[in-house]
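Please look over the sequence and the model shown here. A short report follows them.

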Amino acid sequence: MSTTNVTECPDDIHQLQLIGYSLIFIAGLCLNVASLLIFLYYLKLKSVVAIYMCNLITSDLLFTISLPFRIYYYYMGKWPFGSFLCQVSGSLFQINMYGSCIFLMCINLDRFVAIVHPLRWRHLRRPKVARLLCCVVWVLILIGSVPVAIIHKGTSCIKKSGTNSNLKKNETVCFENFSKDLWQGKIFGLVILAEILGFLLPLTSVTACSIRIFQNLCQTHGSRSLRQEKTIRMLVVNLVIFIICFVPYNTILAAYGLIKAKVIITDSTTQASVRNALIIAMLLASMNCTLDPLIYYFNTEGFKNTLKRIRRGQAWDFEMGTLQTRTRKNKKAASYKAANIKQDSKQYPVQNSIAPFASPKIFLRSSIEDSEI
C-alpha cells in the first residue's frame with residue numbers, strides 16, 4: 001500500500017490506556033470470576049434479581065477477557081492480531097457498556113415493580129420472565145454489535161519512527177483512525193442509535209424508577225426496614241455507576257460524533273482535545289466491570305454472607321437455605337454431641353420429641369426471597 005493513500009496515525013495517550021486497562025483487567029477478572037462462582041455454585045439462580053445480576057457478570061467478563069489484546073496493542077503501538085480479533089474486541093466493549101446499561105435498568109425496573117406496584121405487576125417478577133427478558137436483551141445487543149464489528153477493522157496508517165520525523169513506516173492500528181467518510185456515513189448513524197436505545201432509554205428509566213421508589217419509601221412511617229435500606233443502597237450504587245461510567249463517555253461520544261460528522265465545525269485543536277477526553281471517558285466506561293460487583297456485595301444479603309462464610313470454610317446449603325460448616329473439627333464435635341444425646345435419650349426417654357440430631361447449620365439473618373435484594 002502506498003503512503004499516499006494512508007493517513008497519519010493519531011497521536012494518542014497510549015501510556016494512560018496501558019496502565020488503566022491493565023488495572024481494570026486484573027480487578028475485573030478477579031471480582032467477576034468470584035461473583036459468577038458465588039451466584040452459580042452457591043446461591044443458584046432462584047430469584048429474579050440474581051438472574052439479572054448473573055447476566056450482568058457475564059457481560060462484564062466478556063469484555064474483561066478481551067482486555068489483554070488491548071493491553072498488548074497499547075504497549076506495542078500496533079495491532080498484530082488481524083481484523084477479526086479487532087472486530088471482536090471493539091464489539092465486546094459496546095456489548096459490555098450497553099448491555100450493562102440495560103441490565104442495570106432491568107434491576108431497577110424489578111425494584112420498581114416490587115415496591116411501587118407489588119400486586120398489579122406481580123406476574124412480571126417471575127424467574128421465567130426474567131430469563132426470557134435477558135435472552136431478548138442479548139439478542140438485541142448482539143445484533144447491534146454486528147455493525148460495530150464491521151467498522152472495527154484493522155487499518156493502516158503512517159507512524160513516525162523514533163525521534164526523526166523524516167523516517168516513517170506503515171503500522172496497523174485498531175479502535176482508531178476511522179476515515180471521515182466512515183464517520184459521516186455509518187458511524188454517526190450508529191452513534192445516534194446507540195445513544196438513544198442503549199444509553200438515554202436506560203438512563204431515563206433508571207432515573208424515573210429511582211425517583212418513584214424514593215418517593216414511595218419516604219411515605220412510609222417509622223424507621224425503615226433492612227430491606228428498604230438495601231433497596232436505597234442499590235439505587236444509589238446504580239446511579240453512581242451511570243454517572244461515573246456511562247454519562248461522561250456517551251456525552252463526549254455524542255459531541256465527538258457531531259464534530260466528525262461536520263454537524264459542529266471546530267478547529268483541529270478542539271477536535272484533538274475532545275478526542276483525548278473521549279479516550280479518558282472510555283477508561284471510565286470500562287471501569288463498570290469493576291464497580292458492578294459492589295452491587296452484588298452491598299445489596300445482596302446472600303452474596304455478602306456467602307462470601308464471608310466461604311472464608312471461614314463454610315458453604316451454602318441449597319435445600320435448607322442455610323450455610324453449612326465443612327470443617328472436620330465441627331463434624332467430629334457434632335457426631336460426638338449426637339452420640340451423647342442418643343445415649344441420654346435411652347436413659348431418659350421423651351415421648352413425641354423431635355429428632356435430637358441435626359447437622360450444624362449457621363443461619364442467615366433473613367431468608368433469600370425472590371423479592372429481596
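The report moves from the whole protein to single residues.

## Ground rules

This is a predicted model: local features need pLDDT of at least 70, side-chain atom pairs count only at pLDDT 80 or more, and totals for chains, interfaces and linings use all residues. Residues are numbered from 1 along each chain as its sequence is written, and side-chain values use heavy atoms, with hydrogens and water left out.

## The whole protein

The protein has 11 helices and 6 strands. Both are DSSP runs numbered from the N terminus (helices: H or I, at least four residues; strands: E, at least two). Of its 373 residues, 43% count as buried. Buried means under 20% relative accessible area, exposed means over 50%, and partly exposed lies in between (1.4 Å probe, protein chains only).

The protein exposes about 20100 Å², and carbon and sulfur atoms supply 63% of that area. Accessible areas come from the Shrake-Rupley method with a 1.4 Å probe; for residues, only the protein chains shown count as cover. Now take the contacts with a separation of 6 or more: residues 24 or more positions apart account for 77% of them. A contact means heavy atoms within 4.5 Å.

Helix 3 spans residues 67–76, and its buried residues are Leu67, Arg70, Ile71, Tyr73 and Tyr74. They cover an arc of only 165 degrees around the axis, so they sit on the same side of helix 3. The arc is that of the directions from the helix axis to the C-beta atoms. Just after helix 3, glycine 77 takes a positive phi of about 80 degrees.

The whole structure holds 11 aromatic pairs. In one of them, the ring centres of tyrosine 73 and tryptophan 79 are 5.8 Å apart and the planes stand at 70 degrees, so the pair is edge-to-face. Rings of Phe, Tyr and Trp (its six-membered ring) pair if their centres lie within 6.5 Å; planes under 30 degrees apart count as stacked, over 60 as edge-to-face and the rest as tilted. Tyrosine 73 is buried at 0% relative accessible area, and tryptophan 79 is buried at 4%.

Ring pairs link Tyr21, Phe69, Tyr72, Tyr73, Tyr74, Trp79 and Phe81 into a cluster. Arginine 70 lies over the face of tyrosine 21, at 5.7 Å from the ring centre. Such a charge over a ring needs NZ of Lys or CZ of Arg within 6 Å of the ring centre and within 35 degrees of the ring normal.

Alanine 281 is found in helix 8. Alanine 281 is buried, with a relative accessible area of 3%. Its C-alpha atom is separated by 4.7 Å from that of tyrosine 249, 32 residues apart along the chain. Not counting residues up to four places away in sequence, alanine 281 touches Cys245, Pro248, Tyr249 and Ile252.

Aspartate 110 is found in helix 4. Aspartate 110 is buried too, at 5% relative accessible area. Leaving aside neighbours within four places in sequence, aspartate 110 is in contact with Val48, Val49, Tyr52 and Arg125.

Where does lysine 262 lie? Its place is in the loop between helix 7 (226–260) and helix 8 (268–286). Phi of lysine 262 is near 65 degrees, a positive value in a residue other than glycine. Most residues other than glycine have a negative phi. Lysine 262 is partly exposed, with a relative accessible area of 46%.
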